[in-house]
Amino acid sequence: PKAPFEFRMLPGNVAYVALKSFGKDDAADQFLAAFDQIAKSSALVIDVRDNGGGDSHVGLRVLATLTGKPFQTGKWDTRNYLPTYRAWSRPMPNFGKTGEDWQPDATRRFTKPVAVLTSGATYSAAEDFAMAFDAMKRGVIVGEPTGGSTGQPLMIGLPGGGTARIVTKRDTYPDGRPFVGVGIQPGIKVSPTVADLHKGRDTVLEAALVTLSK
């Protein structure tokens with residue numbers, strides 16, 4: 001199993017943090033535990049390229065340290081299934097909820113430049129993280145568009161012991177902009193090549209560092 005949190009210092013006094021899973025609180029807990037060290041840096045890179053999701057609240061706890069004011073989370077809606085409507089061939093109504101105002105961390109605040117790294121493997125709760133960061137206008141997203149998924153799957157069993165997940169709700173930005181099927185778009189798009197991988201180059205991180213140094 002991959003470690004949910006990674007932290008190291010890069011040249012130029014830039015803190016690099018990888019949040020690889022929001023499945024448990026570990027990523028946020030370890031980020032907050034290391035915050036005093038992170039706060040000494042001149043800039044921060046948060047990498048969610050390998051984060052497939054989990055609980056959105058984990059990522060929001062990290063974002064709460066990047067601002068001094070409340071910020072909005074995404075909107076969502078789900079189908080309100082009414083069997084009688086189906087019998088009448090009437091469309092099903094939707095039940096929706098607007099994004100909540102998430103409060104800033106009362107004791108921790110990082111005020112310096114921030115970049116978030118994303119990829120096509122950034123999914124679910126990690127997309128909620130990228131979306132909220134984008135809506136906050138706190139910094140730049142670098143990399144590739146996220147997977148374009150949505151949250152809260154319904155798990156069902158299949159014959160032969162298999163399982164399947166079915167989407168149960170539609171998520172959007174606080175202002176209603178959709179990202180399902182298109183992903184959270186980076187401000188600076190960088191797509192690694194096979195040649196980059198062979199050379200051991202992380203061109204996405206390199207681009208983020210160039211941007212943060214300006």
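Modeller: One term before we start: a residue is called buried when its relative accessible area is under 20%. Also, keep in mind that this is a predicted model.

Biologist: Good to know. How many residues of β3 are buried?
Modeller: 5 of the 5 residues of β3 are buried, so the strand is largely enclosed by the rest of the structure.

Biologist: Which residues sit on each side of β3?
Modeller: A43, V45 and D47 are on one side, with L44 and I46 on the other, and both faces are covered. In general, side chains in a regular strand alternate between the two faces of the sheet.

Biologist: And which way do β2 and β3 run, parallel or antiparallel?
Modeller: Parallel, with 5 bridges joining β2 to β3. In that pairing, A18 stands opposite D47 in β3. β3 also runs parallel to β8, through 4 bridges, and there I46 stands opposite V116.

Biologist: Let's go to the core. Which residues have the most contacts inside the largest nonpolar core?
Modeller: They are L19, L44, I46, L63, L66 and F129, in a core of 38 residues. Among the elements giving two or more residues to this core are β2 (14–19), β3 (43–47), β8 (114–118) and α5 (125–136).

Biologist: Which element gives the most?
Modeller: Helix α5 does, with 8 residues. There is also a second, separate core of 16 residues, which includes V14, V45, L117 and A207.

Biologist: Why does F22 count as buried?
Modeller: Because its relative accessible area is 0%, and the cut-off for buried is under 20%. F129 counts as buried too, at 1% relative accessibility.

Biologist: How many aromatic pairs are there in the whole structure?
Modeller: A search finds 5. One of them is W76 with F95, an edge-to-face pair at 5.9 Å centre to centre and 65° between the planes. W76 lies in strand β5 and F95 in strand β6, so this pair ties together parts that are 19 residues apart in sequence.

Biologist: How accessible are W76 and F95?
Modeller: W76 is partly exposed, at 25% relative accessibility. F95 is also partly exposed, with a relative accessible area of 47%.

Biologist: What sheet do β5 and β6 belong to?
Modeller: An open sheet of 3 strands in the order β6-β5-β12, with antiparallel pairing. Its edge strands are β6 (94–97) and β12 (170–172), each pairing on one side only. The twist averages 20° from one strand to the next.

Biologist: How many bridges join β5 to β12?
Modeller: There are 3, and W76 stands opposite D171 in β12.

Biologist: Last topic: which charged residues lie over rings?
Modeller: The charged end of R8 sits over the ring of Y16, 4.2 Å from its centre. R177 lies over the face of Y173, at 3.9 Å from the ring centre.

How values were computed. Residues numbered from 1 in each chain as written. Predicted model: local features only at pLDDT ≥ 70, side-chain atom pairs only at ≥ 80, totals over all residues. Heavy atoms only, no water. Pairing = 2+ DSSP bridges. Axes fitted to C-alpha atoms, helices over the stretch in contact; angles between N-to-C directions. Core = buried A, V, L, I, M, F, W, Y, C linked by side-chain atoms within 4.5 Å. Buried < 20%, exposed > 50% of the residue type's maximum accessible area, 1.4 Å probe, protein only. Phe/Tyr/Trp six-rings, centres within 6.5 Å; stacked < 30°, edge-to-face > 60°. Lys NZ or Arg CZ within 6 Å of the ring centre and 35° of its normal.
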